[in-house]
Amino acid sequence: LRQCGFKLVRGGRRWVGYWGKHCAAERFKHIRPWQKVNHFPTSFEIGRKDKLAWNLKRLRERVGDEGAMDLDFLPETFTLPRARRKLRAVFQSHPVWIVKPPANARGNGIKLINKWSDAPKKKEAVISRYGNRNLAFYALSEYSLFITRYIQNPLLIDHRKFDLRVYVLVTSFEPLRVYIYKEGIARFACDCYPVQLNSKTIKNRFAHLTNFSVARKKNKGEPTKQLGQEKAATKRRRSRRNLEIPVDDDRFSMESCKWLLRSSCYELFGFDILLDEHLKPWLMEVNISPSLKASCPVDENIKARLVRDIFNLV
């Protein structure tokens, strides 16, 4: 960017591009036609695990039984405690389930369960910190938990579980323009996948989670924590208010800002895909702010070319 004559600014209105955290929806109203922002308003509708499952369910109902067959790429999911009764009716039909907070990242708060007594009975409480070093505010909030059927027969390489990070760039939703990057990253678990899943083996986070932040803890020799013993993250990257702005909000409706969605917004998504032993792809989650930090020369080479292509496209 510097070679092309751009420079970094910290504020003001005379800027042409923004790359950063997701903005509050009402701030998109102030974007000028010549400015570019690396997020779409309400893109968390697929970035949050619970909202992704809910929107996919609505799409299945809309297309009917025949079309729903093509949407069978997300494991059966439930939101707790709201759907606790429905979950109990099918809980014994599958040996292992995985519980996740809907908006956390880096493997925080994830646990595997195989007993109904371990299923969460109430919402999780989170303490969020706002402000800076000199003046900080704390807020207590609650959120539902997301539980999904665990894919217990993943495809293994060298006896280890892995998933694929596929980078997808959306430059417009109307008309829809989607670019899939031809290269990606395979993330491997540190430990070998267990031959049998039982109450002991499902607690080994290094055999079931492929997150780089989890693998880094073991490589550095940091103290390990078993699944289910971690506390929920105490910091959230987006405020609760930003997460709950509806799509049809009168203050900022999609219908009234089509020019904005066509010209001023773009977004890079990171799709995490798991292959089972039959090579069936399963969508684990969609990241609306995938990490572009390089952990090795190969990683740096892939992500550097990815960022270059993004700026060339937008």
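Visitor: Is Asp 309 buried, partly exposed or exposed?
Guide: Asp 309 counts as partly exposed, since its relative accessibility is 27%. The cut-offs are under 20% relative accessible area for buried, over 50% for exposed, and partly exposed in between, with a 1.4 Å probe and protein chains only.

Visitor: Which side chain does Asp 309 meet in a salt bridge?
Guide: That of Arg 308, at 3.4 Å from N to O. A salt bridge here is a side-chain nitrogen of Lys or Arg within 4 Å of a carboxyl oxygen of Asp or Glu. Arg 308 is partly exposed too, at 47% relative accessibility.

Visitor: Before we go on, what kind of model is this?
Guide: It's a predicted model, where local features need pLDDT of at least 70, side-chain atom pairs count only at pLDDT 80 or more, and totals for chains, interfaces and linings use all residues. Residues are numbered from 1 along each chain as its sequence is written, and side-chain values use heavy atoms, with hydrogens and water left out.

Visitor: What's the average pLDDT?
Guide: The protein averages 77, and 75% of the residues score at least 70. pLDDT is the predictor's confidence in each residue, from 0 to 100.

Visitor: Which residues have pLDDT under 50?
Guide: Residues 137-141 stay under 50, and the model has 19 contacts for them beyond four places in sequence. Residues 221-256 are also below 50, and that stretch has 73 contacts in the model beyond near neighbours in sequence. Contact means heavy atoms within 4.5 Å. Where pLDDT is low, the predicted coordinates should not be read in detail.

Visitor: Got it. How many helices and strands does the protein have?
Guide: Eight helices and 14 strands. Both are DSSP runs numbered from the N terminus: helices are H or I with at least four residues, strands are E with at least two.

Visitor: And what share of the residues is buried?
Guide: 41% of the 314 residues count as buried. As for contacts between residues at least 6 apart in sequence, 61% of them join residues at least 24 apart.

Visitor: How many residues are in the largest nonpolar core?
Guide: There are 19, and Phe 28, Leu 74, Val 170, Phe 269, Leu 283 and Val 286 have the most contacts inside it. The elements giving two or more residues are α2 (49-68), β10 (160-173) and β14 (281-287). Of these, α2 gives the most, with three residues. By definition, a nonpolar core is a set of buried Ala, Val, Leu, Ile, Met, Phe, Trp, Tyr and Cys residues joined through side-chain atoms within 4.5 Å.
Visitor: What lies apart from that core?
Guide: Another core, of twelve residues, including Leu 87, Phe 91, Trp 116 and Ala 119.

Visitor: Back to charges. How many salt bridges are there?
Guide: Ten. One of them pairs Glu 285 with Lys 49, at 3.6 Å from N to O. Glu 285 is in strand β14 and Lys 49 in helix α2, so this pair ties together parts 236 residues apart in sequence.
Visitor: Is Lys 49 buried or exposed?
Guide: Buried, with a relative accessible area of 5%. Glu 285 counts as buried as well, at 17% relative accessibility.

Visitor: Which residues are linked in a network of salt bridges?
Guide: Asp 163, Arg 165, Arg 187 and Asp 272. There's also a bridge between the side chains of Arg 160 and Asp 158, at 3.8 Å from N to O. Arg 160 is partly exposed at 26% relative accessible area, whereas Asp 158 is exposed at 58%.

Visitor: Switching to the surface: which residues form a nonpolar patch?
Guide: Leu 1, Phe 6, Val 16, Trp 19, Trp 34 and Phe 311, with about 640 Å² of accessible area together. Patches are made of residues with over 30% relative accessible area and no salt bridge; nonpolar side chains (Val, Leu, Ile, Met, Phe, Trp, Tyr) are joined within 5 Å, like charges within 9 Å. Accessible areas come from the Shrake-Rupley method with a 1.4 Å probe, and for residues only the protein chains shown count as cover.
Visitor: Where is Phe 311 found?
Guide: In helix α8, residues 297-313. Phe 311 counts as partly exposed, at 31% relative accessibility.
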